[in-house]
Amino acid sequence: MFTFIITNIFLISLAAILFMVARVLPRIETPAEEIKQSPLEKWVTSGVPEKVDAVLNAFFAKFLRRAKVVIMRVDNSVTNRLQNFAKKEGNGKPKPDFKEITGEKPQEENETASI
């Protein structure tokens, strides 16, 4: 229990010291001549990255819209060709034969089997 109390007192005093340092910190100023920035830091803090981001966003938006139109045109042409294939094979859409799947025999086979 004694260790717990000592630890709490230590942490509370540490928090008080940190609080006092945090209040004094804004008063401390560094002279402007001491601050030296690398070219990369200057470029990052300038307005250039925001402009580049805006240009890239506009480019990608236009590119994606045009790509969407091209994809829709290809989809329409594929759909038209599929419809033309279906019309050449028969009138309208081809009818699927579900009798093979369900296991039912056609009526012709049933009639010949009963004779």
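Reply: Let's start with accessible area, which is computed by the Shrake-Rupley method with a 1.4 Å probe; for residues, only the protein chains shown count as cover. Here the chain exposes about 11,600 Å², and carbon and sulfur atoms supply 64% of that area. This is a predicted model, where local features need pLDDT of at least 70, side-chain atom pairs need 80 or more, and totals for chains, interfaces and linings use all residues. Residues are numbered from 1 along each chain as its sequence is written, and side-chain values use heavy atoms, without hydrogens and water.

Me: Where in the chain is confidence lowest, and where is it highest?

Reply: Look at pLDDT, the predictor's confidence in each residue, from 0 to 100. Where pLDDT is low, the predicted coordinates should not be read in detail. Helix 5 (residues 107–114) is lowest, with a mean of 58, while helix 1 (residues 2–24) is highest at 92. The mean for the chain is 82, and 75% of its residues reach 70 or more.

Me: How many helices and strands does the chain have?

Reply: Both are DSSP runs numbered from the N terminus: helices are H or I with at least four residues, strands E with at least two. This chain has five helices and zero strands, so from the N terminus the order of elements reads α-α-α-α-α.

Me: How many aromatic pairs are found?

Reply: A pair of aromatic rings is described by the distance of the centres and the angle of the planes. Rings of Phe, Tyr and Trp (its six-membered ring) pair with centres within 6.5 Å; planes under 30 degrees apart are stacked, over 60 edge-to-face, the rest tilted. The whole structure has two such pairs. In one of them, F59 and F63 are stacked, at 6.2 Å centre to centre with 15° between the planes. Both residues belong to helix 3 (residues 48–89), four residues apart, about one turn of the helix. Together with F60, they make one aromatic cluster.

Me: Which residues form the nonpolar patch?

Reply: Patch residues have over 30% relative accessible area and no salt bridge; like charges are joined within 9 Å, and nonpolar side chains (Val, Leu, Ile, Met, Phe, Trp, Tyr) within 5 Å. A salt bridge puts a side-chain nitrogen of Lys or Arg within 4 Å of a carboxyl oxygen of Asp or Glu. The patch includes W43, F59, F60 and F63, and its residues together have about 980 Å² of accessible area. Helix 3 gives the largest share, seven residues.
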